[in-house]
Amino acid sequence: MKQALFLLLDEFADWEGAYLSSTLNQSEFWTVKTISVEKKVVSLGGFSVLLDYVIGSEPKDYDLLVMIGANSWGNSSAELLKFVEEAFNKGIVIAAICGAVDYLAKNGFLNDHKHTGNFVDSWKNYEFYTSADNYLKKQAVKDGQLVTANGTAPLEFTELVLDLIAFDTPENIEKMMFMNRYGFYNYCEKYGNPF
């Protein structure tokens, strides 16, 4: 079974990973676990989450790292930086949205990838960010083993991640995303009743 680790910091944005985590977790081929720098975090929506792993206790083999946006990505934890760096070095598929992309920019992880985020101008003073030419004004961008998205793009983010990990056929992924975007009745009109 493949494993996705969702990296959640305190004040994480509940909605940014909800479509992706629920889709993965309902598959017989994937399992979803959570990880952070502390044992408990609270979302922007007030949900308290007890994490499966504190960084350093995670399994060494996992297939996907999903970094969810939060108000606390200014985190200067050496353990967090080392964990993210190791994921890049191992070639693990990494997906980052909103504030998590800011963290990647600040620490130089985006320099070899086409990418997007909330606002490239907010990164101009980041010492290790040197790739503004690779920034694309898109909701979400997939390049190599990396998916980036701005905070208003949970659906586009989910779609690109599912595509990158070959979760299902492109046609089935498109159908799933169509239902999430346009609702059940529009889905039925286009594709027929799924039940």
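Arg-181 counts as partly exposed, at 33% relative accessibility. The model described here is predicted.

**Arg-181 and its surroundings**

- With neighbours within four places in sequence left aside, Arg-181 is in contact with Leu-155, Glu-156 and Glu-159.
- Glu-156 stands 25 residues from Arg-181 along the chain, and the C-alpha atoms of the two are separated by 9.8 Å.
- The side chains of Arg-181 and Glu-159 are joined by a polar contact of 3.0 Å.

**Salt bridges**

- Side chains of opposite charge can pair when their charged atoms come close.
- Glu-159 is partly exposed, with a relative accessibility of 23%.
- Lys-142 and Asp-163 form another salt bridge, with 2.2 Å between the closest N and O atoms.
- This pair links distant parts of the chain, 21 residues apart: Lys-142 is in strand β8 (residues 140-143), whereas Asp-163 is in helix α4 (residues 154-164).
- Lys-142 is partly exposed at 36% relative accessibility, and Asp-163 is likewise partly exposed, with a relative accessible area of 33%.
- Lys-60 is bridged to Glu-58, and the closest N and O atoms of this salt bridge are 3.7 Å apart.
- Glu-58 has a relative accessible area of 8% and is therefore buried, the cut-off being under 20%.

**Ser-43 in the loop between β3 and β4**

- Ser-43 is placed in the loop between β3 (40-42) and β4 (48-50).
- A relative accessibility of 5% means that Ser-43 counts as buried.
- Not counting residues up to four places away in sequence, Ser-43 touches Glu-11, Phe-12 and Asp-14.
- With Asp-14, Ser-43 makes a polar contact between side chains, at 2.4 Å.

**Aromatic pairs and cluster**

- A pair of aromatic rings is described by the distance of the centres and the angle of the planes.
- Trp-123 and Tyr-135 are each buried.
- One aromatic cluster is formed by Phe-178, Tyr-182, Tyr-187 and Tyr-191.

**Packing of α5 and α6**

- The axes of α5 and helix α6 (residues 184-191) come within 7 Å and cross at roughly 140°.
- On the α5 side, the contact is made by Glu-174, Lys-175, Phe-178, Met-179 and Tyr-182.
- On the α6 side, the contact is made by Phe-184, Asn-186, Tyr-187, Lys-190 and Tyr-191.
- The residues of the aromatic cluster, Phe-178, Tyr-182, Tyr-187 and Tyr-191, are included among those that make the contact of α5 with α6.

Notes. Residues are numbered from 1 along each chain as its sequence is written. This is a predicted model: local features need pLDDT of at least 70, side-chain atom pairs count only at pLDDT 80 or more; totals for chains, interfaces and linings use all residues. Side-chain values use heavy atoms; hydrogens and water are left out. A salt bridge is a side-chain nitrogen of Lys or Arg within 4 Å of a carboxyl oxygen of Asp or Glu. Buried means under 20% relative accessible area, exposed over 50%, partly exposed in between (1.4 Å probe, protein chains only). Helices (H or I, at least four residues) and strands (E, at least two) are DSSP runs, numbered from the N terminus. A polar contact is a pair of N or O atoms within 3.5 Å; within protein, one must be able to donate a hydrogen and the other to accept it, and residues adjacent in sequence count only if both atoms are side-chain atoms. Contact means heavy atoms within 4.5 Å. Rings of Phe, Tyr and Trp (its six-membered ring) pair if their centres lie within 6.5 Å; planes under 30 degrees apart count as stacked, over 60 as edge-to-face and the rest as tilted. Axes are lines fitted to C-alpha atoms, for helices over the stretch in contact, and angles run from 0 to 180 degrees between N-to-C directions.
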